[in-house]
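Open the model in your viewer and keep the selection panel at hand. This tour goes stop by stop.

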Amino acid sequence: MITTAGVARFRAVLADTLGWAFDDKDAGQLAQVLLRRADATGLERGEYLARLAAGDWEPELGMLAEELTINETYFFRHGEQFRVLADVALPERVRARSAQRVLRLLSVGCSSGEEAYTLAIVARQVQPDPDWIVSVLGVDASLAVLRRAQTARYSAWSLRETPDAVRERWFHPHDGQYEVDARIRAAVRFLRHNVAGDDEDLWRPGQYDVVFCRNLLMYLTPEARDTLIRRMTGALSPGGYLFLGHTDSLGSDPDGLEPQQSRHTFFYRRQSGHPAPATPPRIAPPRPAPAAAQPAPRRHVDGPYERAMRLLREERFAEALTVVEAGPAGRVVPRELLLHSVLLAQSGRLEDAEIVCRRLLDVDGLYADAHHQLAVCLEGGAAVDVAVGHYRLAAHLDPDFAMPRLRLGLLARRRGERERAADELGRAQVLLKYEREDRIAMFGGGFGRVALTALCRAEGAPR
């Protein structure tokens, strides 16, 4: 028998650990869940609540997330939002990302993965060229639903709103179910995340073009809800888009967001030039006083190049460019000129980037990285054939350089040269294991070694 006090304590613990809110009408359901989970763990009710309240019981929190949320979903659910995504949001983000050729999307509360895979399908259909990189991250508190998502196999009922053409192109029959195409699976990864907790990498400022968070806010306490909205807003690139469930509203003037309406649905756009909403500082626990005063350690002072590289990795391109351009005029340091060109290209200034890169090649005509960067500029300016020559030269000058092999493979795939594409991408996949971190940061479009390797594997596969 669960007392009213026991249910009230369970509600309080769920609010603290998961950020979830429940009404009085949910008391019966909560009592049943508390009974089942306490019995399943072999603990008395009070012991179970104490163990849960103590924190650091992630497996059990995942089980509670599975029991207490409605996980019924399907592909292309609320299709009007995906039409806006395809016709309005992604075309604008493609223009904004033209120098990087990358699109990043986030599904918060992704459940069994249908929404995340739908985002990847729509993005793949909108991307202007096959060599664009599409990355979708799905996060959920439940390991059970994430395991189902990773299998990428669904019943016909899950595809009930999927257009026939999409079903034929991106799904394959498998043992009475439908399996998501390998190219879409390669673009999607899943992560267990409890929205009541923080994750600096997940919520890194300005990294996502689109965030979907549907049918989750209604479960959260006001504090957890406000924190999640603030994090999602800050993680959107300026001009990025936020889609919420139909029952969720942020009002007419949400901090940092502009309400939008199209195709009979509402959504939000991150205001360009608007600072991310302020996040309350985390207070570190007090440290014990030292037994005796010690001399302060000497701090390492970063130079402009190191600061700019750090900003580049955080995709704060404008700030990184300011740091580089504030350096001494006329300074000729190859790695600094290379970084300057990369940042100019990331900012969409391809002509300026090409000028800097050619200046660098005047200094060192055998600099493989400079030839690769020049090819990036030329490819972005539609001089693809000339770009191919510089990619090949970069690969010749440094046979261990993975990035030109990757670009050559993607270009070959785009031209329909399947054998050449498979060869180049296969070489790139091997070389990426040993590629230098600074090269991945400069030329990887914001993606790491693992994501680039997955791209090689997916694009190099026969079709």
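Select Tyr219 to begin: in which loop is Tyr219 found? Look between strand E7 (208-213) and helix H10 (222-235), for that loop holds Tyr219. Keep in mind that this is a predicted model. Is Tyr219 buried or exposed? Tyr219 counts as buried, because its relative accessibility is 12%, and buried means under 20%. Draw a C-alpha to C-alpha distance between Tyr219 and Leu68: 9.5 Å in space, across 151 residues of sequence.

**The whole chain**

Zoom out. Colour by secondary structure, and the protein chain shows 20 helices and ten strands. There are 463 residues, and buried ones make up 51% of them. Next, consider contacts between residues at least 6 apart in sequence: 69% of them join residues at least 24 apart.

**Strand E1**

Select residues 102-108, strand E1, and pick out Leu103 within this strand. Leu103 has a relative accessible area of 0%, so Leu103 is buried. Which residues does Leu103 touch, not counting those up to four places away in sequence? Show Leu90, Arg93, Val94 and Arg97. Leu103 and Gln127 are 24 residues apart in sequence, with 8.5 Å between their C-alpha atoms.

**Helices H12 and H13**

Move to helix H12 (residues 317-325) and helix H13 (residues 334-346). Their axes are 9 Å apart, and the helices pack at an angle of about 145 degrees. The crossing of H12 and H13 is left-handed. Show side chains on both helices. From H12, the contact takes in Phe317, Ala320, Leu321, Val324 and Glu325. From H13 come Glu336, Leu339, His340, Leu343, Leu344 and Gln346. Sorted by class, the contact of H12 with H13 has seven nonpolar, two polar and two charged residues.

**Helices H16 and H17**

Go on to helix H16 (residues 384-397) and helix H17 (residues 402-414). The axes of H16 and H17 come within 9 Å and cross at roughly 145 degrees. This crossing of H16 and H17 is left-handed. On H16, select Val384, Val388, Tyr391, Arg392, Ala394 and Ala395. They meet Pro404, Arg405, Arg407, Leu408, Leu411 and Arg414 of H17. By class, the contact of H16 with H17 has eight nonpolar, no polar and four charged residues.

Stay on H17 and centre on Arg405. The relative accessible area of Arg405 is 15%, so Arg405 is buried. Which side chain does the side chain of Arg405 make a polar contact with? Show Glu424: the polar contact is 3.1 Å. Beyond neighbours within four places in sequence, Arg405 is in contact with Ala395, Glu424, Arg427, Ala428 and Leu431.

**Last stop: the loop**

Slide to the loop between H16 and H17 and select Asp398 there. Why does Asp398 count as buried? Its relative accessibility is 18%, and the cut-off for buried is under 20%. Display the side chains of Asp398 and Arg439: a polar contact of 2.8 Å joins them. With neighbours within four places in sequence left aside, Asp398 is in contact with Ala368 and Arg439.

Conventions: Residues numbered from 1 in each chain as written. Predicted model: local features only at pLDDT ≥ 70, side-chain atom pairs only at ≥ 80, totals over all residues. Heavy atoms only, no water. Axes fitted to C-alpha atoms, helices over the stretch in contact; angles between N-to-C directions. Helix = DSSP H or I, 4+ residues; strand = E, 2+ residues; numbered from the N terminus. Left-handed = near helix turned anticlockwise from the far one by under 90°. Contact = heavy atoms within 4.5 Å. Nonpolar A, V, L, I, M, F, W, Y, C, P; charged D, E, K, R; others polar. Buried < 20%, exposed > 50% of the residue type's maximum accessible area, 1.4 Å probe, protein only. Polar contact = N/O pair within 3.5 Å; in protein donor to acceptor, adjacent residues only side chain to side chain.
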